[in-house]
Amino acid sequence: MTQAATLKKMMSSSVSAPLPGDEQAALTSATAPPRVICVTSGKGGVGKTNITANLAYALARKGKQVLVLDADLNLANIDVLLGLTPRYNLHHVFLGEKNLAEILVRGPGDMMILPAGSGVMEIADLSESQKLYFLNEMEGLGQKIDFMIIDTGAGINNNVIYFTLAAQERIIILNPEPTSLTDAYAMIKVLSCNYDVKKFRILVNSVFAEKEALNVFRQLTKVADRFLDSLSLDFMGFIPYDDRLPQAVRRQRLVTELSPDSSAALRFVQLAEQLCREKNQLHIDGNIKFFWKGLFNL
Ligand SMILES: Nc1ncnc2c1ncn2[C@@H]1O[C@H](COP(=O)(O)OP(=O)(O)O)[C@@H](O)[C@H]1O
Ligand SMILES: [Mg+2]
């Protein structure tokens with residue numbers, strides 16, 4: 001069976017006759033609506049793609065169904081990081097040439113990857129019937145997933161703003177470079193002042209110790225507090241600088257998979273655990289269809 005056919009079968013299985021115990025539980029692991037988390041940054045090259053993919057992998061290893069939306073238009077992104085070559089993307093779905101199941105790609109740990117490709121740029125121009133068709137397809141998939149993680153490009157552009165607004169949670173990635181701080185601040189300022197987004201989670205990457213991460217976070221809150229009222233910046237944690245990460249990148253593998261005992265990998269697992277623990281505490285408003293509806297302006 002082809003990959004697409006397997007996924008299609010998996011997605012349609014929700015309407016089949018009840019299955020006994022374990023099998024049923026395995027097929028319907030996602031009972032609550034998926035959490036839709038957008039990973040973004042002011043500056044490029046701070047680790048968004050690695051963080052998205054490694055978090056997705058760590059969540060998948062915990063038995064969660066994870067969908068990664070690769071919404072960065074730049075070429076060197078998740079597919080390159082993982083050594084995948086998706087033939088089709090959202091563009092083909094919007095053209096009606098492929099359905100959603102046919103463009104999804106399986107990544108490490110069985111995560112699903114939705115390649116956006118040039119389709120991302122077409123979202124604003126879709127007809128009503130194209131949007132409805134897509135939302136319908138997405139709803140079937142949404143019932144099967146626990147987390148959708150969106151890897152966006154960096155900086156303030158329409159594409160990044162669309163995805164950041166439509167997601168339920170936003171993680172902003174910073175590293176200790178001063179430019180990463182100023183660019184993150186600029187991004188938060190635009191999202192807060194122009195789009196009324198007030199809640200951000202801050203994850204500091206490539207630090208040598210937690211103290212350094214907290215220092216970066218403190219600097220950000222200092223500049224932000226002075227200018228932005230009612231802003232909520234939440235320190236989510238940090239990922240250490242770890243040579244094993246670029247080593248894995250060079251081999252087109254994930255550090256969590258290739259070097260599970262490395263300091264970076266262990267932090268990714270902890271962060272995934274943190275996300276899983278929070279799941280029941282959050283009031284989750286909406287679901288995956290809601291996310292796309294927001295994106296489509298419906
Ligand atoms: N925690 C880390 N430790 C060491 N190097 C890192 C770490 N995070 C990222 N890098 C380096 O930064 C590069 C860019 O990361 P990437 O995830 O592609 O950034 P972005 O998606 O934000 O552009 C990686 O290929 C890797 O070499
Ligand atoms: Mg990237």
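So, α3 and α14 sit roughly perpendicular to each other, a label for angles of 65 to 115 degrees, with under 35 being roughly parallel, over 145 roughly antiparallel and the rest oblique. Their axes, α14 being residues 263-278, cross at roughly 65° and come within 8 Å; axes here are lines fitted to C-alpha atoms over the stretch in contact, with angles from 0 to 180 degrees between N-to-C directions. The crossing is right-handed, as in the near helix turned clockwise from the far one by less than a right angle.

Who makes the contact? On α3, N54, L55, A58 and L59; on α14, F268, V269, L271, A272 and L275. Contact is C-beta atoms, placed from the backbone, within 7 Å. That set splits into eight nonpolar, one polar and no charged, with Gly counted as polar.

Quick housekeeping: this is a predicted model, where local features need pLDDT of at least 70, side-chain atom pairs need 80 or more, and totals for chains, interfaces and linings use all residues. Residues count from 1 along each chain as written, while chains are lettered from A and ligands numbered from 1 in written order.

Now ligand 1. Of the 17 residues around it, G47, K48, T49, N50 and P246 come nearest; being near takes a C-beta atom, placed from the backbone, within 6 Å. Giving two or more residues each are α3 (48-61), β7 (199-207) and α12 (244-250), all DSSP runs numbered from the N terminus, helices being H or I of at least four residues and strands E of at least two. The shell has seven nonpolar, eight polar and two charged residues.

Note on methods
Contact = placed C-beta atoms within 7 Å.
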